[in-house]
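Please look first at the sequence and the three-dimensional structure shown here.

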Amino acid sequence: MLTISACFVILFARAQQTTPIIDSIEKLLPTQKDSVLAASYNELTWQYRLVDRDKAISYGNKAIALGNQLHYNKGVAQAYNDLGIIFYDKENYDTAIYLYQQALKIRQQMNDDLGIAKLYNKIGIVYQRESVFDKALDNQIKALDIFRKFNNDIGVSYSLNNIGIVNQNMGQYEEAIKYHLQSVAIKEKIGDKTGLAGSFVNIGNIYLIQEDFDSARIFYIKATDMCRLLGDKEYLSNSLNNLGKLYIKTRDFANALPVIKESYQLRSELTDTKGMVSCLSNLSEIYIGLKQYDSAAAVLNKGMVMAKSAVNCKPELNGIYQNFANLYEATGDTGKALAMYKLYSTTKDSLYTDELGETFADLATKYKTLEKENQIQQQEFEIKQRNYWIAGIAGLLVLGALLGYSYYRRMRLQQQAKLQTEILKQQELATKAVIEAEERERKRIAGDLHDGVGQTMSAAKMNLSAIQSNLPFVSEEQRINFEKVVHLIDESCQEVRTVSHNMMPNALLKAGLSSAVREFIDKIDQHIIKISLYTEGLNERIDTNVETVLYRVIQECVNNVIKHAGASQLDISLIKDKEGISTTIEDNGKGFDSKDTTKFNGIGLKNIQSRIDYLKGTVEWDSSPGNGTLVAIHVPVSL
């Protein structure tokens, strides 16, 4: 049985980075009350999940208790969700499902459709890990239906991926590949490299089962290379284990052994019992193939003890029994071999019954029905939308005719001289207003283009330059082509800077300020600069203009640090209190003379100052050569 990765990934490499954030939040706990304190408990639950699970669970329980007392339903639902993830990581799947279901009830009461879809997705993953495939598919279909209604590409891609996994587990290989390829197409469109790594593993698994070894090897190596680039231990362990299984099937034991050992080491670090048992089963096959029977027996015994002590390793235990039978047959102990074959056969039959097969078929039919219903609903929506447009245009025509007639009547009643004077006056005012509006709009658009597209392309150029030395160019032509791409991006950046003085898009924030900033810094390569973010008091939305301006200012500051400061660490804090919002951006870069006024003549720093002035706030720069830079911003905002 091949190990399949879950749809969400826990990055253990970030655990060490959470300690300063935890310390900062815990210091503030004695001064906090009500919803702010509940939000801090939620954040500590999430931050502690990779550092100290017991403390994470303790803070999660506090968040639930205080949230229920305050009727803070959003916080309670989030606490149940985070605790579910923690217990999933502990492989306590029954508790994880219970916690997710509690969160689901609250999200349903809140009519939070996307939150409901994400919980269906997670519940389906847990059932898949427990090999309860009918419930796994049912939950994934529910999630997919909601994600599609909201055009949520990420959610749709992972639901398709997970439906493919369930089909694969049930032996529906052609269906599985169809869903995986749909998922891959979406992930490539949105640039989801982590998700692509998981899909490559899953597609490789299917080709391995079908004994298309060349295709399987291509996808496993794609997944392994991408996981190493991302530094993702969980996905890397999966891709290595399955690549090792491929080598075993082709009897290439020399290549299989180091690959499986590396996978086992990673899974030990992740405390992934199910994955460790799978690796031990694969190791036993290698040792049997190498005729190292004592080593094979040792790893099989270890794997059997581990699988029996867990509640979710039935498929892996079945593989252990099969390899025990192969070992006893190879060593001539036919009695024990027969006993193990019987255990293997009994366990295998229990994994898939006729009743479950019928249930799975029913769910598959349900999914296809939902697909047709979605198409019908989309067609009905387009028809309604077209009818609305027709009715609206007709109404405007009627209204226009009435207004025209009224205007004509009034024209007839007014004196010709007075009418002509008034018309000229209105034309002059309108012309002046248009000119002033055009000028304001150009300035606004110019500033936003500089902050948006220009900085994004600069970040793309820097990321390409950062990975250039790590790319194994096969030929000089490839290297030249890569440099051409970098050069094209550089030219594009220059063009954006030129155009930014005239036109620039205004990208309004779609989420809250804290979420938007976190999403922005998550896109930045951590190999270039490590960024930590601390937020407080931003649980509720504030004025859209304030959010947009502060987001653009932070974006400008971060990109200035990346381009000019030569820093390795950047700390950002956003704190809202009764006085307003205080923001600090501090780096450990080379700094500059903040008393030198010529340093502030660039469009970037002018934009920062003008935007904060617009909010009636203040901004201060504290920097000197060799001592980094601190930008302190305060904006008055009503609570």
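Predicted model: local features only at pLDDT ≥ 70, side-chain atom pairs only at ≥ 80, totals over all residues.

Residues are numbered from 1 along each chain as its sequence is written, and side-chain values use heavy atoms, with hydrogens and water left out.

The chain contains 23 helices and 5 strands; helices (H or I, at least four residues) and strands (E, at least two) are DSSP runs, numbered from the N terminus. Of its 639 residues, 46% count as buried, where buried means under 20% relative accessible area, exposed over 50% and partly exposed in between (1.4 Å probe, protein chains only). Contact means heavy atoms within 4.5 Å. Among contacts between residues at least 6 apart in sequence, 65% join residues at least 24 apart.

Helix packing can be followed in two places. Helix 2 (residues 34-48) and helix 3 (residues 53-70) have axes 8 Å apart and pack at an angle of about 155°. Axes here are lines fitted to C-alpha atoms, for helices over the stretch in contact, and angles run from 0 to 180 degrees between N-to-C directions. Helix 2 and helix 3 are therefore roughly antiparallel to each other; angles under 35 degrees count as roughly parallel, over 145 as roughly antiparallel, 65 to 115 as roughly perpendicular and the rest as oblique. The crossing of helix 2 past helix 3 is left-handed, a term for a near helix turned anticlockwise from the far one by less than a right angle, with clockwise giving right-handed. Residues making the contact include L37, Y41, L44 and Y48 of helix 2 and A56, Y59, A63 and L66 of helix 3.

On the side of helix 8, Y158, N161, I165 and Q168 take part, and they meet residues of helix 10 including T194, S199, N202 and I206.

How are aromatic pairs described? A pair of aromatic rings is described by the distance of the centres and the angle of the planes. Rings of Phe, Tyr and Trp (its six-membered ring) pair if their centres lie within 6.5 Å; planes under 30 degrees apart count as stacked, over 60 as edge-to-face and the rest as tilted. By this rule the count comes to 6 aromatic pairs. One of them joins Y88 and Y93, a tilted pair with 5.5 Å from centre to centre and 50° between the planes. Y88 counts as buried at 7% relative accessibility, and Y93 counts as buried at 1%. The rings of Y207 and F219 have centres 5.8 Å apart and planes at 25°, so this pair is stacked. The pair links distant parts of the chain, with Y207 in helix 10 (residues 193-209) and F219 in helix 11 (residues 213-230), 12 residues apart. F219 is buried, with a relative accessible area of 17%. Ring pairs also link Y41, Y48 and Y59 into a cluster.

Charged side chains also meet rings. A charge sits over a ring if NZ of Lys or CZ of Arg is within 6 Å of the ring centre and within 35 degrees of the ring normal. The charged end of K222 sits over the ring of F219, 5.2 Å from its centre. The charged end of R49 sits over the ring of W46, 3.6 Å from its centre.

Some individual residues complete the picture. I64 lies in helix 3 and is buried, with a relative accessible area of 10%. Leaving aside residues up to four places away in sequence, I64 touches V76, A79, Y80 and L83. S281, in helix 14 (residues 273-289), is buried at a relative accessible area of 8%.

H71 lies in the loop between helix 3 and helix 4 (73-89) and counts as exposed at 66% relative accessibility. K291 lies in the loop between helix 14 and helix 15 and counts as exposed at 63%.
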